[in-house]
Amino acid sequence: MAAPSHIEYSLFLADNALILGHRNSEWTGHGPILEQDIALSNIALDLIGQARWLYQHAARLCNESGAATRVTEDSLAYGRDSWDFRNCLLVEQANGDWGKTILRQFLFSAWQYYYFGALRWSRDGDLAAVAEKSVKEVTYHLRWSSEWVIRLGDGTAESHERMVRAVDQLWRFTGELFVPAPYELDLISSGIAVDPASVKDQWMQKVGEVFTEAQLTASAFSATPAIYPAGGGKKGVHTEQLGYLLAEMQFLQRAYPNCEW
Amino acid sequence: MATPNTPLWEVFIRSRNGLAHKHCGSLHASDATMALQAARDIFTRRGEGLSIWVVPSNAITASDPAEKGMMFEPAESKIYRHPTFYELPDELKHM
């Protein structure tokens, strides 16, 4: 029987992927050029695919633990409210302009790359398998978003200014990625969860390298990831952005429960 | 939409080992790295390729369609250039 923290941890991983995937999907049909519209939609599909595997895993754990009603990947994605979601604050932030969307992807992908790299050795074989499968996708997301950060940061005066603004808007949400939530603390010693603090140095180095090449060092980029003062998405205390996202994403299942097509 | 910052690139994909790269379309990108990424995202989504080439479209020298009479018609009447007059042994199946 799975511990509650094990379920919560699986949801944390799944919610990150679903929420960022959904945010990216908001660009579908609205990308700056067709080529990049497709590129970002591909990343959205990769993330939603990862979310499905992780929700299926979480649902299995819930049902094995004797959940009162049968839990499915859909009930987890569409039937929970804001405070039930465990995604980090970074991924729920609104798209803004192309620069902000790119930067959000880069900051998250860099974290996911090192974090999933370590998760491949999880004692939970299912999580390890998802990490193994996802890491190839994430490697490309990191490459793609890095190239974009460099070109926008070191591009025109306007693109540089927009990237500086994006760093200013998003940096405050990065600290949370490296502070373990209670359910992570519970699972680190048993080898199921990755200690998020253990990937901080690698993340800082990668971000520093890309920011330097993108001429972003002198801007709002500070020496350590910043902690957003109130709450924390990993603990279920979200910014108002998530409520709007869920209202749109969950509308159909809320209005027509269990509908299929 | 074409802009001065995003020139046109031609994309060639090799679908399997042993086959040649084949032209499959074109795209806009700011430079070679971005063109390669965009080619991967647009043209290999369904597992179409093992290798990609991108070439700036303006690096291609093309024949002039107005000259196709001079260029290609003379070959149409030279059927003896097709190796169809040889008796092939049955063991050779894929000629």
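A residue is classed as buried if 20 or more other C-beta atoms lie within 10 Å of its own, as exposed if 12 or fewer do, and as partly exposed in between, with C-beta atoms placed from the backbone. The structure is a predicted model, in which local features need pLDDT of at least 70 and side-chain atom pairs count only at pLDDT 80 or more, while totals for chains, interfaces and linings use all residues. Residues are numbered from 1 along each chain as its sequence is written, and chains are lettered from A and ligands numbered from 1 in the order in which they are written.

Helices (DSSP runs of H or I, at least four residues) and strands (runs of E, at least two) are numbered from the N terminus. In chain A, helix α7 spans residues 157–170 and helix α5 spans residues 98–119; their axes come within 9 Å and cross at roughly 50°. Axes here are lines fitted to C-alpha atoms, for helices over the stretch in contact, and angles run from 0 to 180 degrees between N-to-C directions.

On the α5(A) side, the contact is made by Gly99(A), Lys100(A), Leu103(A), Arg104(A) and Leu107(A). Helix α7(A) contributes Ser159(A), Arg162(A), Met163(A), Ala166(A), Val167(A), Gln169(A) and Leu170(A). Two residues are in contact if their C-beta atoms, placed from the backbone, lie within 7 Å. The contact of α5(A) with α7(A) has six nonpolar, three polar and three charged residues, where Ala, Val, Leu, Ile, Met, Phe, Trp, Tyr, Cys and Pro count as nonpolar, Asp, Glu, Lys and Arg as charged, and the others, Gly among them, as polar. Gln169(A), which lies in α7 of chain A, is partly exposed, because 17 other C-beta atoms are found within 10 Å. A separation of 21 Å is found between the C-alpha atoms of Gln169(A) and Pro32(A), which are 137 residues apart along the chain.

Two residues of chain A other than glycine have positive phi values. For Gln215(A), phi is near 60°; this residue is placed in the loop between α9 (200–213) and α10 (241–249) of chain A. Gln215(A) is partly exposed, with 15 other C-beta atoms within 10 Å. For Asn258(A), phi is about 65°, and the residue is in the segment after α11 (251–255) of chain A. Asn258(A) is exposed, with 10 other C-beta atoms within 10 Å.

Chain B comprises two helices and three strands, in the order β-β-α-β-α from the N terminus on. Its radius of gyration, taken over C-alpha atoms, is 19 Å, whereas a compact globule of 95 residues would have a value near 12 Å, by the rule of 2.2 Å times the number of residues to the power 0.38. Along the principal axes, the C-alpha atoms of chain B fill a box of roughly 55 × 40 × 15 Å. Of the 95 residues in this chain, 17% are buried.

The contact between the chains takes eight residues from chain A and 13 residues from chain B. Elements giving two or more residues to the chain B side are β2 (22–28) and α1 (32–43), and α1(B) supplies the largest share, six residues. That side has six nonpolar, five polar and two charged residues.
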